[in-house]
Amino acid sequence: MASTRMPGNPAVRGKTQVIGVAAWLLGVVVVVAQILYSKAEPDDRLTTTVVSVAAFAAASVCDAVARFGSRAAGLLVLVAGGGGLQAETVGVHTGYPFGTYGYSGTLGVELVGVPVVVPLAWIMMSWPALLVGRALAEPARRWSVVAVGAWALVSWDVFLDPQMVDAGHWTWATPTPSLPGVTGVPLTNYAGWLLVAAAIVAALHAGVPDSRESGVRGVALRVGPAPVLYLWTYGSSVWAHAVFFGRPWVSVVGGILMGAVAVPFAVAV
């Protein structure tokens, strides 16, 4: 567990190690669920979708606890989960900041018109996005961490949104103009994501102890459950869109855009 902060108190250190192991086990659940998702019929994918998102979100929370303590994990849930839910609630009822869209009711239980799994998805990827931002940018330059971290989060949606649109979980009222090869999703979606992602990463970077305070620097930010799951998501998304989802251009475009941060992040793993 080279990535985790190890408290001096043996009891606390043992608890931190247990939480770190739990994060790895949840990561295994994520990988298995996503493999099963790719092999299931489209109408039978809800369970694996919910399980993989919930397990990934829990893994990110555990990773946050193991690295920086329970306060960081609480901040992640509040900022990414609460902020994501707030943005989606405003978005689905007003069309801002993502554009006009609507959920089809196929993603399970909803809260204020937003499926519960959606804010969990913000939690699951906001944490590794923060680690990517801190690993690739100079922590003292807040704007650069926020820019890289926001890009790490937004570029993932280049894979996610077409997949969910094709699955019928939500639809866009005006899906043009769009990214080349990424049809069915308007550019306004990514502009809105960039705005929300920047706000979330900025709040997390401001509230979670930075490298100078925690002693967690460089390579340590690139190892552990959350970074591995981020890179797994990148690689599996490139593969799945090219082979299973019939979206080869999404594989190419998403591979380039998310690869701009995922590849350099992976170099030192």
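Student: What makes Val 109, Leu 111, Val 112 and Val 116 a nonpolar patch on the surface?

Tutor: A patch takes residues with over 30% relative accessible area and no salt bridge, and nonpolar side chains (Val, Leu, Ile, Met, Phe, Trp, Tyr) are joined within 5 Å. A salt bridge is a side-chain nitrogen of Lys or Arg within 4 Å of a carboxyl oxygen of Asp or Glu. Together these four have about 350 Å² of accessible area, by the Shrake-Rupley method with a 1.4 Å probe. This is a predicted model, where local features need pLDDT of at least 70 and side-chain atom pairs count only at pLDDT 80 or more, while totals for chains, interfaces and linings use all residues. Residues are numbered from 1 along each chain, and side-chain values use heavy atoms, without hydrogens and water.

Student: Why is Val 112 called partly exposed?

Tutor: Buried means under 20% relative accessible area, exposed over 50%, partly exposed in between (1.4 Å probe, protein chains only). Val 112 has 48%, so it counts as partly exposed.

Student: Why does Thr 48 count as buried?

Tutor: Its relative accessibility is 13%. The limit is under 20%, so Thr 48 is buried.

Student: How do you know which residues Thr 48 is in contact with, leaving aside its neighbours within four places in sequence?

Tutor: Contact means heavy atoms within 4.5 Å. On that test, Thr 48 is in contact with Ala 33, Leu 36 and Tyr 37.

Student: What does the side chain of Thr 48 reach?

Tutor: The backbone oxygen of Arg 45, at 3.0 Å.

Definitions and conventions
A polar contact is a pair of N or O atoms within 3.5 Å; within protein, one must be able to donate a hydrogen and the other to accept it, and residues adjacent in sequence count only if both atoms are side-chain atoms. Patches are made of residues with over 30% relative accessible area and no salt bridge: like charges are joined within 9 Å, nonpolar side chains (Val, Leu, Ile, Met, Phe, Trp, Tyr) within 5 Å.
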